[in-house]
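Morning, everyone. I have one model to walk through today. Please look at it on the screen while I talk.

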Amino acid sequence: GGLAFIFNRMSQTEETPRMTQWFKRLQLLSSALLSLAHGGNDAQKTMGIIALAVFGAQASGTLDNLPSWLGFLHPGGGEKDIDSWIIVSCALVMAAGTAMGGWRIIKTLGHKMVKLHPINGFAAETASATILSVAAHFGMPVSTTHSISTAIMGVGYAKNPRALKLSVIERIVWAWILTIPAAGGIAY
């Protein structure tokens, strides 16, 4: 909303083709920042779980009789360091998961919930990347999906409150509410 107001004042029109071109370019930067923040936040959780499993296996002696070609599984950097193979594995798995399932999420958030234009996408991605980066800096685990979803909802509301498709938002919120009890039930 604020970005549109500032740039609309500058151009004295709605959304000019020149402004759209600028924000298409800026959106490449904001999406790269969001990607970096996503990896910096979500990958930390996965790396922690894998590192904990490897350190636990090492401490219990489970890794003592491994063949030499599996020697990389022995923690090499000390108690507080994460081995490079864990970092690379998490990065590759996150990239593959985003590549395979990300388009469905993008379609739902960027087209079904509210129709986004480049200026809106830039604002939502920048807001979400900022939230994720600050949370990662302080070691707080935050959901990337929740962060970008609420940023898009905020941008959509600022753009036009009636443009938001409340049925899609309702389904998303119910999925958030039911995820933890469902996961707990399956784990039980």
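Predicted model: local features only at pLDDT ≥ 70, side-chain atom pairs only at ≥ 80, totals over all residues.

Let me start with a term. The bend at a residue is the angle between two fitted axes, one through the seven residues ending there and one through the seven starting there.

First, the overall layout. The protein has six helices and zero strands. Along the sequence, the pattern reads α-α-α-α-α-α. Of the 188 residues, 28% are buried.

Now H2. This helix covers residues 17-60, which is 44 residues. From first C-alpha to last, H2 reaches 63 Å. Where is the kink in H2 centred? On alanine 43, and the kink is about 35°. After H2 comes glycine 61. The phi of glycine 61 is positive, near 90°.

Next, what H2 packs against. Two packed helices are described by the angle between their axes and the distance between the axes. For H2 and H4, the angle is about 25° and the axes are 8 Å apart. That makes H2 roughly parallel to H4, because angles under 35 degrees count that way. The crossing of H2 past H4 is left-handed. What residues make up this contact? There are 13 nonpolar, eleven polar and two charged.

Isoleucine 119 sits in helix H4, residues 118-137. Is isoleucine 119 buried or exposed? Its relative accessible area is 5%, so isoleucine 119 is buried, the cut-off being under 20%. Across from H4, look at glutamine 27. Isoleucine 119 and glutamine 27 are 92 residues apart along the chain. Their C-alpha atoms are separated by 7.8 Å.

H4 has another partner, helix H5, residues 144-159. Here the packing angle is about 140°, with the axes 8 Å apart.

At 2% relative accessibility, serine 149 is buried. Serine 149 and valine 173 are 24 residues apart in sequence. In space, C-alpha to C-alpha, that pair is 9.9 Å apart.

Isoleucine 106 lies in helix H3, residues 84-113. With a relative accessible area of 45%, isoleucine 106 is partly exposed. Pair it with isoleucine 148. Isoleucine 106 and isoleucine 148 are 42 residues apart in sequence, and 9.9 Å apart C-alpha to C-alpha.

Last, H6. This helix runs over residues 166-187, 22 residues in total. H6 reaches 32 Å from first C-alpha to last, close to the 32 Å expected at 1.5 Å a residue. Where does H6 bend? At leucine 178, by about 35°. Proline 181 follows within four residues of that bend. Which residues of H6 are buried? Val168, Ile169 and Ile172. On their spacing, recall the general rule. An α-helix has 3.6 residues a turn, so residues three or four places apart point the same way.

To recap the bends: about 35° in H2, centred on alanine 43, and about 35° in H6, at leucine 178. That's my tour. Over to you.

Conventions:
Residues numbered from 1 in each chain as written. Heavy atoms only, no water. Helix = DSSP H or I, 4+ residues; strand = E, 2+ residues; numbered from the N terminus. Expected span 1.5 Å × (residues − 1). Buried < 20%, exposed > 50% of the residue type's maximum accessible area, 1.4 Å probe, protein only. Axes fitted to C-alpha atoms, helices over the stretch in contact; angles between N-to-C directions. Parallel < 35°, antiparallel > 145°, perpendicular 65-115°, else oblique. Left-handed = near helix turned anticlockwise from the far one by under 90°. Nonpolar A, V, L, I, M, F, W, Y, C, P; charged D, E, K, R; others polar.
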